[in-house]
Amino acid sequence: MPGFAFTVEARDGRARAGRLVTPHGEVATPVFMPVGTAAAVKAVLHRDLAEIGARILLANTYHLMLRPGDALVAERGGLHGFTPWKGPFLTDSGGYQVFSLTALRKLTEEGVSFRSHLDGSAHLLSPERSMEIQRNLGADIVMAFDECPPWPAERDAVDVATARTTRWAARSRDAFEALGARHGHEQLLFGIVQGGVHLDLRERSAREIAALGFPGLAVGGLSVGEPKDDMMRVLEHLDPVLPEDKPRYLMGVGTPDDLVEGVARGIDLFDCVMPTRNARNGQLFTRAGKLSIRNARYRDDPRPPDPACSCFTCRTVSRAYLRHLHLAKEMSAATYATIHNLAHYLDMMSRVRESIVLGRFEAFRQEMRSLVAAGEPS
């Protein structure tokens, strides 16, 4: 497709180092995508994101259709005209958000009827409407509309949702192609694999979604409450089933060690709210473990949050000052902590990629396992 390409440049075991070319820039993979739900990552500016090395951002179809409205964004030139971010965007389909609104929605084969959590207004989100919204938003990568079953759920219910996801994927593809690009550049449409923790349903879904010809595939419906062992078991099973020559995206995952374990199972793209949400709650990820800045031991600690980190936060503030800001509920506390956590995730993924290229990914993976076992740093 014009403006797009994906190549795997190195392998180490099942881990892949690749390059995704989009109309708004190249993305070295494996990569972590900061979550900008409303086309903004909470507590930080787009300038901050560029400075810490973010390459691609995620924005949310459901939230942007409700506010400010996808038509308004389209009038302003899509996300790249509406926001200061000029690099690649990925938009999710809105499926996960409407399915999480259990008390406010009704599911039919046509789509999902729901009430806005903002003002109670009635909406229908269908494969066709999701594609219209995402064409209006103009992200480089867009997602097919799917049904994300909850966990736990009866196998029969997961089977029904998985089959419907395939039907909706075909409708998404057809609507996406019929609409055409709006903002002077093409977009990539990824299909989504569902199936819960049932390996046979996951494999069936992967084969059906791949057969529809999507240029990339995502694994959805994990990290929704299932045990981590089940998530890894599903990824292990899907790895040889998913096409080798297409990018693979694990949706909504996860902790730093989750990302490394996902890479070990052939995943290329990740997103998660954890680094930004945890930052606002006073938890920082460091190379020595997770640091809870509220802890009294940091009251007069002059050290940076992570002495091994070179981000703006670690260059300029102490643990003591950051603890003070957090306890005083100063907005800058969230900014400092978010900058650091995202920098940590992005730097970690850069080191993961380097380890693959150098053929030492397994050693890096074992280092991460030791870090998880270590607990909070001193």
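Which helix does Asp48 lie in?

1. Asp48 lies in helix α1, residues 46-51. Helices here are DSSP runs of H or I with at least four residues, strands are runs of E with at least two, and both are numbered from the N terminus. This is a predicted model: local features need pLDDT of at least 70, side-chain atom pairs count only at pLDDT 80 or more, and totals for chains, interfaces and linings use all residues. Residues are numbered from 1 along each chain as its sequence is written, and side-chain values use heavy atoms, without hydrogens and water.

2. Asp48 counts as buried because its relative accessibility is 9%. Buried means under 20% relative accessible area, with a 1.4 Å probe and protein chains only. The Asp48 side chain reaches the backbone nitrogen of Leu45 at 2.9 Å.

3. Asp12 sits in strand β1, residues 5-12. Asp12 is buried too, yet has no salt bridge (a side-chain nitrogen of Lys or Arg within 4 Å of a carboxyl oxygen of Asp or Glu). The nearest side chain of opposite charge is Arg360, 8.1 Å away. The backbone of Arg360 is another matter: its nitrogen lies 3.3 Å from a polar atom of the Asp12 side chain.

4. Beyond neighbours within four places in sequence, Asp12 is in contact (heavy atoms within 4.5 Å) with Ser355, Ile356, Gly359, Arg360, Phe361 and Glu362.

5. Now the helix pair. The axes of α14 (residues 331-357) and α15 (residues 361-374) come within 7 Å. From α14, Met348, Arg351, Val352, Ser355 and Ile356 make the contact. From α15, Phe361, Phe364 and Met368 take part.

Key: Buried means under 20% relative accessible area, exposed over 50%, partly exposed in between (1.4 Å probe, protein chains only). Lys and Arg count as positive and Asp and Glu as negative; His and the chain ends are not counted. A polar contact is a pair of N or O atoms within 3.5 Å; within protein, one must be able to donate a hydrogen and the other to accept it, and residues adjacent in sequence count only if both atoms are side-chain atoms. Axes are lines fitted to C-alpha atoms, for helices over the stretch in contact, and angles run from 0 to 180 degrees between N-to-C directions.
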